[in-house]
Amino acid sequence: MRHLISIADCSREDIERILDRAESFAEVSGREIKKVPTLRGRTVINLFYEASTRTSSSFEIAAKRLSADLVTVKSVGSSVDKGESLKDTVQTLSAYDPAAIVIRSPHVGAADLVAKWSPAAVVNAGDGKHEHPTQALLDLYTLRRRVPALEGLTVWIVGDVMHSRVARSNILAFTRLGCRVTVCGPPTLIPRGIETLGCEVRHTLDDVGEADVIYALRMQRERMKGSFVPSLREYAARYQIDSRRLGANQLLMHPGPVNRGVELSAEVIDCPQALITAQVESGVVVRMAVLYELLTGVGDDAGGDGPDPRTRAAQASEPQPA
Ligand code: NCD
């Protein structure tokens, strides 16, 4: 793989290879000195045009644990504030010859454009409401460690599917690994035609008991133009996952940040079935695996653009993780 822009571009084999690689990095994360020399001398640029806590910090930690040189540029405080365009910013940063650019943007298609403007490998860390592929991968990784098999698992994604890049990437990723996915929310927050991604649609939680996993989403008000629900109180009454709705054998996931008391009640956030902290933890090893995949060209044997020749040399001379 040259870039990671969309889960739609990933085969089941690609996904499983990345998850297996992440498993091998879990051992590194358990060490006192959490570092391998794999990307020594390579530069990773984190370019964030939107708020982020988990994604930006875990990409930073991932790059550092692989010994890459890391630069984080946030739009606030950068020359973007002075009116510089994305293209000019990317071309400026490309002058440093980065091996990878991790980009988060409020605009659909931004990561794809960056891949056209820069010779670096590009990772989409969220482009508007389109996709957030590393979130989907870390969710699969988290779940795979908790359940005997993903195949045949029933996952309900509940909430603001309309404005959620996580929903889109996760529907694609979960179904690719054999899960049955249902999305649930008020009709105003479920995009028309979403079934074409391979999921079912429900507008009530009446049958949520059939889910093995409930994946709750935040109301993404920063992307809403207008009012999509009568009130948050009414929304919560119909769709909030609380201890009445979460069965003892069901797992609970959420990409964060949680709006406590809206999509989740306070008591379920900290219950034993909640994987929310495990998801955050998985973010580091999965993002290490993604950087490794793109910068060492491991998945390119079957064709593609091929790995960067500089990496082949690095691979030959460097110890690899277990
Ligand atoms: C998500 C995002 O930014 O798309 N968060 C994340 O990356 N962990 C979901 C959200 O903001 O609700």
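Buried denotes under 20% relative accessible area, exposed over 50%, and partly exposed the range in between, with a 1.4 Å probe and protein chains only. The model is predicted: local features need pLDDT of at least 70, side-chain atom pairs count only at pLDDT 80 or more, and totals for chains, interfaces and linings use all residues. Residues are numbered from 1 along each chain as its sequence is written, and side-chain values use heavy atoms, without hydrogens and water.

**View A. Helix α7, residues 232–239.** Helices (H or I, at least four residues) and strands (E, at least two) are DSSP runs, numbered from the N terminus. Y235, A236 and Y239 are buried in α7. These buried residues line one face of the helix, because they fall within an arc of 100° seen down its axis, the arc being that of the directions from the helix axis to the C-beta atoms. R233 and A237, on the other side of α7, are exposed.

**View B. The largest nonpolar core, of 67 residues.** Such a core is a set of buried Ala, Val, Leu, Ile, Met, Phe, Trp, Tyr and Cys residues joined through side-chain atoms within 4.5 Å. F25, L143 and I157 have the most contacts inside this core. Helix α9 (residues 276–296) gives the largest share, 10 residues.

**View C. Residue V71 in strand β2, residues 69–74.** V71 is partly exposed, with a relative accessible area of 35%. Not counting residues up to four places away in sequence, V71 touches V44, I45 and N46, where contact means heavy atoms within 4.5 Å.
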